[in-house]
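Please look through the sequence and the structure below before reading on. The report then takes up a loop residue, the nonpolar cores and a pair of helices.

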Amino acid sequence: MKLAFLDLGKLSISKANMRYAKKAPDVADILPTVRARGVLVPLIVRANGAPDHFEIVAGARRFTAASIVAAENGEADPLPCAILEDGDDAAALEASLIENVARRDADEVTQWESYARLVREGRSLADIAATFGLPELGVKRILALGNLLPRIRSAYAREQISPATVRQLTLATKSQQRAWLALFDDKDAYCPQGSQLKAWLFGGGAIKVEQALFDVDASGLAIVADLFGEDRYFADSDAFWIKQHAEIDARRDAYLEDGWADVVLVGPSDYFSAWEYRKAPKRKGGRIYVDVRSSGEVDFHEGYVTSKEAARLDKGEAIDVAPKAPRPELSSRMQTYVDLHRHAAVRAALTGHPAAALRLMVAHVVAGSPLWSVKVEPQSACDDDVRESVETCRAETVFDEKRRAVLALLGFSPEEPAVTGGGEGGLAALFQRLLELPDRAVMDVIAVVIGETLSAGSAAVEAVGLQVGLDMRAYWEADAAFFEALRDKEVLTAIVAEVGGADIAAANAKEKGATLNAIIRDHLDGTNGRTKVDGWVPKWMAFPPAAYTARGGVGSVARHAELAVAEPEPQRLAA
């Protein structure tokens, strides 16, 4: 970067500038200073290809003020400028965003646009957070605005929707957002906003603190109380259930390790009716029944069998007790996390391999698919943090950019939540439009549509990942949701050995899971004296996947085994 004084006539505002294509910025606060002393702080500019011409990537307000003063005086002094190196679009975006955030707060939608562009330029969340002095969670929450329909983002930027409301809408599916917009547009309808919106989106009532099986004080969950302080409730019922189910899983594992034949979960839609069961000891096949109520209450009924089984015991007959199944390596929550992240990465990578997408599309037509009605993969998850992790990951940002380009290519509304099932005019009109497009453009459409209709957690995800040579390091890095789901001690110990070495794993083999989890974090972050490990991906998420234990229960490994019956060498198809 070098400094120079440039004439006003040689300068224009760059498209990389945050204030490009908007109305003239308000310069009332700096205009008196510019009139009195001129522009003192250099503008940040770069060459734009025209001879002796430069575009401003930071400093649009100073440029505007200087132009006003020049019009008033009939003459203009050259402006001090710092000239960027050629071709660094990401640096230009950073310079614009840093300066504008520092001088005058940019709205969150504008920040999202710039952060998303930085992600596409290859910046990681950690890089963006460090550059702007923000926590990574803050950057993630801004990027979560990308999950919103464009019209919701526009209304939020115009302050027609409150921050509390838009934060809840980032957790909504596209169909829920469209339904909410319909209520928002209908003056006679009730439109939930703020805290009421979450109940409308996910349901669930207030849960009293005394229903928690876990340590409430150590949980960090927000608590609200009535005016008299007699009743306390969890402010976020979804967060409560994450902790509650984790404790239920832990107690279930403890019962099984203690020798009980089975632990049966009785959900809110059912009920444990004592008269339908009889007490039975552990040695005779008695089970644990866990009665979970929607109020948050959980009862553990120890040592019960059904009435029919009790009658057989009374006759001296043994009841059928299934052999104790090994505890799966992955919990259902971790399996959902792994499946959705690998699915996100595969469909993002698939956009660069439309030839493979075309062949997969033909295979879907011939052999069928659980999604081909045709339906869009919902990418659903029970846990907010898993849902947010996937929605804000780099893979989803890449795929969303490709999807928006295809919507524009087909002439669809930018507010369509998906290419699949979108547009107006019916099949014939769409067919005519596709006939007008070159083969490469049609292939791009296919790649996005097949990504939208690719079933998460399916063998097809495995096949595509192998075919395109997918490297998960390009799309995934460990985050808070991953570590929250990582609880199995045997797996934790194996991962410590993987990132830290066998000696560190052996030295900490008897430590608690939380300690092992912290050691892994330290190695991935390079903190607390641990050697930093870059580009680590757990075995279950890699292509091909593998397990850490002999217990099984890893969906991606089982699905890969289906492909390995007669697995030929993958043939790389042209992009």
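## A buried aspartate in a loop

In this predicted model, D488 has a relative accessible area of 12%, and because that value is under the 20% cut-off, D488 counts as buried. The residue belongs to the loop that runs between α21 (480-485) and α22 (489-500).

The side chain of D488 reaches the backbone nitrogen of E490, at 3.0 Å. When neighbours within four places in sequence are left aside, the residues in contact with D488 are R327, P328, E329 and R551.

In soluble globular proteins, nonpolar side chains tend to be buried together. Here the largest nonpolar core has 54 residues, and the ones with the most contacts inside it are M334, L470, F482, L486, I495 and W540. Helix α14 supplies the largest share of this core, with ten residues. There is also a second, separate core of 24 residues, which includes L118, I152, V166 and L181.

## How α14 meets α17

Helix α14, spanning residues 332-350, packs against helix α17, spanning residues 394-409, at an angle of about 35 degrees, and their axes are 8 Å apart. The crossing of these two helices, α14 and α17, is left-handed.

Which residues make the contact between α14 and α17? On the α14 side they are A344, A345, R347 and A348, while α17 brings A395, E396, V398 and F399. Sorted by class, the contact of α14 with α17 has six nonpolar residues and two charged ones, with no polar residues.

Definitions and conventions. Residues are numbered from 1 along each chain as its sequence is written. This is a predicted model: local features need pLDDT of at least 70, side-chain atom pairs count only at pLDDT 80 or more; totals for chains, interfaces and linings use all residues. Side-chain values use heavy atoms; hydrogens and water are left out. Axes are lines fitted to C-alpha atoms, for helices over the stretch in contact, and angles run from 0 to 180 degrees between N-to-C directions. Helices (H or I, at least four residues) and strands (E, at least two) are DSSP runs, numbered from the N terminus. A crossing is left-handed if the near helix is turned anticlockwise from the far one by less than a right angle, and right-handed if clockwise. Contact means heavy atoms within 4.5 Å. Ala, Val, Leu, Ile, Met, Phe, Trp, Tyr, Cys and Pro count as nonpolar, Asp, Glu, Lys and Arg as charged, and the others, Gly among them, as polar. Buried means under 20% relative accessible area, exposed over 50%, partly exposed in between (1.4 Å probe, protein chains only). A polar contact is a pair of N or O atoms within 3.5 Å; within protein, one must be able to donate a hydrogen and the other to accept it, and residues adjacent in sequence count only if both atoms are side-chain atoms. A nonpolar core is a set of buried Ala, Val, Leu, Ile, Met, Phe, Trp, Tyr and Cys residues joined through side-chain atoms within 4.5 Å.
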